[in-house]
Amino acid sequence: MTDCALKQTPLHALHLALGAKMVPFAGYEMPVQYPAGVMKEHQHTREQAGLFDVSHMGQIRLHGAGAAKALESLVPVDIIDLPAGMQRYALFTSEQGGILDDLMVANAGDHLFLVVNAACKEQDLAHLRQHLEGLCDIEPLFDSRALLALQGPAAATALARLAPQVAHMTFMQFRTLDILGIACHVSRSGYTGEDGFEISVPVEHAEALAKALLEQPEVQPIGLGARDSLRLEAGLCLYGHDMDANLSPVEASLVWAISKVRREGGARAGGFPGAAQVHLQMQQGVASKRVGLLPLERIPVREGVEIHDHDGRLIGRVTSGGFGPTLCGPLAMGYVASPFAALDGVVYGQVRGKSVPMRICRTPFVPQRYYRG
């Protein structure tokens with residue numbers, strides 16, 4: 001896509017005023033970093049609070065009494081019993097059991113509120129319309145609402161000055177709140193492994209809210225570069241890299257995201273696309289699976305690097321990798337043949353002709369610090 005065809009978020013002018021370096025991402029012109037640089041932005045988010053523009057993401061409302069039952073037919077997640085005021089991580093699956101996208105689903109009381117990935121939002125909307133038309137009302141909010149993420153240990157302190165109610169929210173709670181006289185949808189969640197919030201705001205008020213947050217002494221603007229290093233340290237998947245339509249939730253090590261009630265033997269077992277294949281994989285295992293990788297030398301091992309065993313045989317590929325500022329070293333995630341996926345096993349990444357040893361490890365690489373009350 002050429003630069004002239006790139007879309008802009010409602011905060012585009014603010015990014016430029018803040019000195020952001022802009023890059024193409026998912027069809028949008030987005031800030032990859034600000035003058036402080038990726039390393040300092042990453043560290044500031046871990047220590048204080050960072051403000052991210054994630055308005056490129058897709059926001060969708062589902063209305064109607066049958067919305068929960070309808071959506072549950074497309075995801076291996078318990079939506080019917082999702083309490084009002086709570087949010088849950090979900091996956092759209094294909095008839096083959098592959099992952100079409102990952103998303104967040106909140107029960108807002110009178111509707112379901114979905115946040116889907118930017119690069120997938122048009123296909124997700126088409127997917128919902130194809131399967132749920134007539135079962136519930138589907139309302140895309142792509143052009144009417146922006147999305148801000150305030151992340152870090154001081155996020156609650158900063159946001160509570162503008163909306164005191166957020167101090168009482170816990171991880172994955174969802175509320176519609178008045179912030180600066182603006183009706184905002186707020187969830188206590190995020191994509192950094194830190195405590196924080198995602199705030200859906202009407203586009204016409206997005207800049208005013210962003211400026212008010214940036215006026216808080218704990219808050220600095222953060223770009224996509226630090227967003228990626230933060231999510232990687234937290235062991236969080238990036239759609240299109242660590243998971244895609246050719247990979248199932250079992251292969252992607254996301255079995256935890258399949259609700260017990262939807263698993264074989266559960267009260268509402270199956271009923272989602274690819275359920276038979278997913279259940280079979282849960283029983284019998286898979287040929288390869290996603291693992292955490294810690295390079296044993298200070299050499300970043302990046303996406304696309306082949307993974308070999310001790311004898312030089314190809315056994316997998318890195319899907320995300322780089323340097324972890326909090327970890328103070330390189331880290332990666334990737335897929336390896338299941339016989340090599342045991343914790344503490346050593347495999348080898350092929351980097352510019354050099355064989356770099358990597359230890360199979362648990363994720364997250366840096367402890368998650370969600371606020372659970």
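The tour opens at the second largest pocket, which holds about 230 Å³ of space. A pocket here is an open set of points on a 1 Å grid over the protein atoms alone, where a 1.4 Å probe fits and protein lies on both sides within 12 Å along at least five of seven lines; its volume is the space filled by probe spheres set on the points, which are joined across faces, edges and corners.

The model is predicted: local features need pLDDT of at least 70 and side-chain atom pairs count only at pLDDT 80 or more, while totals for chains, interfaces and linings use all residues. Residues are numbered from 1 along each chain as its sequence is written, and side-chain values use heavy atoms, with hydrogens and water left out.

**The pocket lining**

Select V38, M39, G225, D228, S229, L232, R302, G321, G322, F323 and P325, which line the second largest pocket (lining residues have an atom within 4 Å of a point). The elements giving two or more residues to this lining are α2 (38–47), α7 (224–233) and β16 (314–324); helices (H or I, at least four residues) and strands (E, at least two) are DSSP runs numbered from the N terminus. Helix α7 supplies the largest share, four residues. Colour the lining by class to find five nonpolar, four polar and two charged residues. In this scheme Ala, Val, Leu, Ile, Met, Phe, Trp, Tyr, Cys and Pro are nonpolar, Asp, Glu, Lys and Arg are charged, and the others, Gly among them, are polar.

**H15**

Next, select H15 in helix α1 (residues 12–17). H15 is buried, at a relative accessible area of 3% (buried is under 20%, exposed over 50%, partly exposed in between, with a 1.4 Å probe and protein chains only). Beyond its neighbours within four places in sequence, H15 is in contact (heavy atoms within 4.5 Å) with T9, A20, M22, P31, Y34 and D53.

**N117**

Move to N117, in the loop between β7 (111–116) and α4 (121–132). N117 counts as buried because its relative accessibility is 17%. Leaving aside neighbours within four places in sequence, its contacts are M57, D101, D102 and Y239. Display the side chains of N117 and D102 to see a polar contact of 2.6 Å (a pair of N or O atoms within 3.5 Å; within protein, one must be able to donate a hydrogen and the other to accept it, and residues adjacent in sequence count only if both atoms are side-chain atoms).

**Cysteines**

Finally, display the cysteines: the whole structure has zero disulfides (pairs of cysteine sulfur atoms within 2.5 Å). For C136, the nearest cysteine sulfur, that of C120, is 20 Å away. C136 counts as buried, at 7% relative accessibility. For C328, the nearest cysteine sulfur belongs to C361, 16 Å away.
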